[in-house]
Amino acid sequence: PPKMVKKEASGSEDFLEQTTNAASALQGSPIFLLVGLLVYALSQWLAFSMHIQPQNISIFWPPAGVMLVLLAFISRSHFWWLVVGLALITFASNTIAGRTSDFNLMLIANDIGVGLSGSWLYRRWIEKSHPVSSVRTFGLFLVILLISALFSASIGSTIIYNKFGTDIASIWHNWFGAMVLGILVVAPLFVILAKDNQFAPLMRLDLEFAALLIGYVILLGMAHFTDSLSMPVRLAAAILIVPLLLWTAVRRSALETSAFLSFATVVKVYAVSQGWGPLDFNLLPNGVSWVMAISAIQSGAVLLLAANHSEQKSAEHSRSIEAARMKSAIDASNDGIVSANDKGIIETFSPSAERLFGYPAKEVVGKNLKILMPENYANEHDGYMDRHLKTGEKRIIGIGRLVTGKRRDGSEFP
């Protein structure tokens, strides 16, 4: 019946609508505001703990990614409360870091301005999707990321130059790299958490997940926290993290990929900022820039692969819904329905067709249509199909006509 077909075929859409409504309700609650501000405060602490000394340069700025997500998904009723909370937390963090009030206010204006512009672009261009739901959305996300980082680095380096007279070029590229890495690594994870997506299920705590987690912990530990190992062994462990991330991108959900990428990047960058690891980047020419560039390229490649994987899963999901809808319609039809591919091989055989021809579906699916025809039709059928496929001309194939069918017992009927 039509109502039953509609109900079965729309089950996935109903689930998507329920999860979207639940996510929207959460974003409009005070809990989302409070938790978001707490996460932003923790990201500020994390960013200030990742300064390279003696240059006092941050190589990773996760507050930028957290702020972009919060401003993009907060409800209108809590929007300005969020802006005030972000400004106060930023002011407190900069004050604790020893920055003067006038310098602090300029940095706050820069951070909030970047967050507002980036979140506006996100809502306008990507809206309901997460950054790794498809290759297209990931491309748009990269554009937003680069615009935000360019805007922030240009204004921030100018502020520092006017305040301290520091070389504007070195400040600019370090600021830009930290912003790119902070948004690229943090934002996808928090977008997926803030706005659930039916093609990105939550963590599947299976054996593979446990193996991946153990693998990341062992390799990160060997690369950055085990001084007893030789430098080549530690360097090999650091390199092996990359194929592990790529494996995660093609095997697990977008949420799991983003979570593992964030975990691995935070641990690696923190270790590098403390001088732990197979190489001391402070001793290399432009070592800080190399850290940010390698981390950003690695993260971008992993997320691009995850976006392509999500897109394929989305297409498969859509096809499965369409196939289920078609099957429901065919099964509910009173008419016998038989479908075949361009080689004449039967692909669909409805229950009514089973009753009409006397064959069970499993016996005819995968066989040529000729099994259902009298001999005089069967001998010519392949030639008819071949001519129709080559010329597109509707003569025997492609027009409605009355023919004779053959049942399993050999009897014929019109």
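In which helix is the place of R234? R234 has its place in helix α10, where helices (H or I, at least four residues) and strands (E, at least two) are DSSP runs, numbered from the N terminus. This is a predicted model, in which local features need pLDDT of at least 70 and side-chain atom pairs count only at pLDDT 80 or more, while totals for chains, interfaces and linings use all residues. Residues are numbered from 1 along each chain as its sequence is written, and side-chain values use heavy atoms, with hydrogens and water left out.

The protein chain holds 15 helices and 6 strands. Among contacts (heavy atoms within 4.5 Å) with a separation of 6 or more, 66% come from residues 24 or more positions apart.

R234 is itself buried, with a relative accessible area of 8%. Its contacts, leaving aside neighbours within four places in sequence, include M222, H224, F225, D227 and P278.

Two helix pairs are set side by side below, with axes that are lines fitted to C-alpha atoms over the stretch in contact and angles that run from 0 to 180 degrees between N-to-C directions.

| Helix pair | Angle | Axes |
|---|---|---|
| α10 (residues 231-251) and α11 (residues 254-273) | about 160° | 9 Å apart |
| α4 (residues 62-73) and α6 (residues 101-125) | roughly 55° | within 8 Å |

Helices α10 and α11 are therefore roughly antiparallel to each other, whereas α4 and α6 are oblique; angles under 35 degrees count as roughly parallel, over 145 as roughly antiparallel, 65 to 115 as roughly perpendicular and the rest as oblique. The crossing of α10 and α11 is left-handed, and that of α4 and α6 is right-handed. Where α10 meets α11, the residues of α10 are I241, L245, T248 and A249, and those of α11 include F260 and L261. In the other pair, M67, L68, L71, A72 and F73 of α4 meet residues of α6, among them I112, L116 and Y122.

Helix α8 (residues 168-194) has 27 residues and spans 36 Å from its first C-alpha to its last, close to the 39 Å expected, the expected span being 1.5 Å times one less than the number of residues. Because 19 of the 27 residues of α8 are buried, this helix is largely enclosed by the rest of the structure. At A187, α8 bends by about 35°, and a proline, P188, follows within four residues; the bend is the angle between axes fitted to the seven residues ending at a residue and the seven starting there.

Terms used. Buried means under 20% relative accessible area, exposed over 50%, partly exposed in between (1.4 Å probe, protein chains only). A crossing is left-handed if the near helix is turned anticlockwise from the far one by less than a right angle, and right-handed if clockwise.
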